[in-house]
Each structure stands twice: as C-alpha cells, then as structure tokens.
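Trainee: I've got a new model open and want to go through its side chains with you. Let's start with the charged ones and then look at the rings.

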Amino acid sequence: MEALNNNPEAKTQLFLAQSDINNDNLIDRSELITYFNSSSNPESIADKFLSYDSNNDDALNKNELFNYMSNNT
C-alpha cells in the first residue's frame with residue numbers, strides 16, 4: 001500500500017476506476033459527491049477536487065486528477 005501512496009499515476013487510475021460512474025474518463029461533481037457520500041461533507045470534498053479543474057468544465061479529466069493526486073495525497 002505504501003507504493004500506492006508514492007505513485008500519483010496509480011492513485012489516479014484507481015480513483016478513476018472507483019468513481020467514474022458513467023465511464024467517460026471524467027469525474028464530475030455528482031460522481032465526486034456520490035463517491036464521498038459517506039463523509040460528513042461530500043460537497044466540500046468535491047469543491048476541493050474541482051479546484052483543480054483547469055478548463056472550467058465542472059469535471060476533472062485524467063490530467064487534472066493526476067495534478068490533484070500529485071499535490072494532495
């Protein structure tokens with residue numbers, strides 16, 4: 001598991017596999033909220049992820065998600 005912690009690419013692939021409900025290779029706000037539904041504030045977590053949305057489409061593509069994983073985990 002430690003190897004995963006030091007590998008943003010692996011974390012990105014794993015997160016995409018687990019949270020991309022409609023398999024479009026984008027993680028949108030509703031998918032983030034669904035994924036983090038068991039947390040106390042899924043909307044806040046979604047906002048944190050979407051702060052890496054560089055093209056302002058309200059979804060994270062693989063590169064944006066990779067940037068998040070590189071900087072936050």
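**Charges, rings and core**

Trainee: Where does Glu9 fall, buried, exposed or partly exposed?

Mentor: Glu9 counts as partly exposed, at 33% relative accessibility. Buried means under 20% relative accessible area, exposed means over 50%, and partly exposed is in between (1.4 Å probe, protein chains only). Keep in mind that this is a predicted model: local features need pLDDT of at least 70, side-chain atom pairs count only at pLDDT 80 or more, and totals for chains, interfaces and linings use all residues. Residues are numbered from 1 along each chain as its sequence is written, and side-chain values use heavy atoms, with hydrogens and water left out.

Trainee: OK. What does Glu9 form a salt bridge with?

Mentor: With Lys62, the closest N and O atoms being 3.2 Å apart. A salt bridge here is a side-chain nitrogen of Lys or Arg within 4 Å of a carboxyl oxygen of Asp or Glu. Glu9 sits in helix H2 and Lys62 in helix H5, 53 residues apart. Helices are DSSP runs of H or I with at least four residues (strands are E, at least two), numbered from the N terminus. Lys62 is partly exposed too, with a relative accessible area of 33%.

Trainee: How many salt bridges does the whole structure have?

Mentor: Two. Arg29 also pairs with Asp47, closest N and O atoms 2.7 Å apart. That one links helix H3 to helix H4, 18 residues apart.

Trainee: Switching to rings, how many aromatic pairs does the search find?

Mentor: Seven. Rings of Phe, Tyr and Trp (its six-membered ring) pair if their centres lie within 6.5 Å; planes under 30 degrees apart are stacked, over 60 edge-to-face, the rest tilted. The centres of Phe15 and Tyr35 are 4.7 Å apart with planes at 70 degrees, so that pair is edge-to-face. Phe15 is in helix H2 (residues 8-19) and Tyr35 in helix H3 (residues 29-35), so the pair ties together parts 20 residues apart in sequence.

Trainee: Which elements give two or more residues to the largest nonpolar core?

Mentor: That core has twelve residues, including Phe15, Phe49, Tyr68 and Met69. H2, H4 and H5 are the elements giving two or more. A nonpolar core is a set of buried Ala, Val, Leu, Ile, Met, Phe, Trp, Tyr and Cys residues joined through side-chain atoms within 4.5 Å.
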